[in-house]
Amino acid sequence: MCLNAELTIGFQNYTKEETDTIVVIGYKLNSGFTAKIDSNIMVKPYAPTDTTPSPDFYTVYPDKDYIVKLPSVNKQFRIADYVVLTQRCACENRKVPVLKSFKVNGADRTDVYSFDLPR
């Protein structure tokens, strides 16, 4: 199986209490976060006193820029500026897009398969 250009965002640096509501807004790629395409609000029934690490995750794709909001802790993350290369997949002998890097709030990231949002 070939890996494609997708990114799994984790919330393990936050508690369940802090991730009881997660808002993900998709924007047209390279629009400077001005051309909203869609949004998703995830509400979890976590107890307000649950301080165990959050098991939540969300998968995004480099065909959109994203803002991820954690309203409980007043945090916002802008995910954009993807570098996607095409590589030959040895197992299926075809070319596939592979995510090489991206930015979160302007900072370069190269942990391209999954990463946890910083505190």
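Predicted model: local features only at pLDDT ≥ 70, side-chain atom pairs only at ≥ 80, totals over all residues.
**Entry 1, main core.** I looked up the largest nonpolar core and found 20 residues in it. Phe11, Val68 and Ile79 touch the most other members of this core. I then noted which elements give two or more residues to this core: strand 1 (7-10), strand 2 (21-28), strand 4 (57-60), strand 5 (64-70), strand 6 (75-89) and strand 7 (94-104).

What does Phe11 contact, once its neighbours within four places in sequence are left aside? I listed Thr19, Ile22, Ser54, Asp56, Phe57, Tyr58, Val68, Leu70, Asp116 and Leu117. Of these, Val68 is also one of the residues named with Phe11 for touching the most other core members.

I checked backbone phi next, since most residues other than glycine have a negative value. Asn30 is not a glycine, yet its phi is positive, at about 60°. I located Asn30 in the loop between strand 2 and strand 3 (36-43). Is Asn30 buried or exposed? Its relative accessible area is 61%, so I recorded Asn30 as exposed, the cut-off being over 50%.

Asp81 is not a glycine either, and its phi is positive at about 55°. With a relative accessibility of 44%, Asp81 went down as partly exposed.

Notes: Residues numbered from 1 in each chain as written. Heavy atoms only, no water. Core = buried A, V, L, I, M, F, W, Y, C linked by side-chain atoms within 4.5 Å. Buried < 20%, exposed > 50% of the residue type's maximum accessible area, 1.4 Å probe, protein only. Helix = DSSP H or I, 4+ residues; strand = E, 2+ residues; numbered from the N terminus. Contact = heavy atoms within 4.5 Å.
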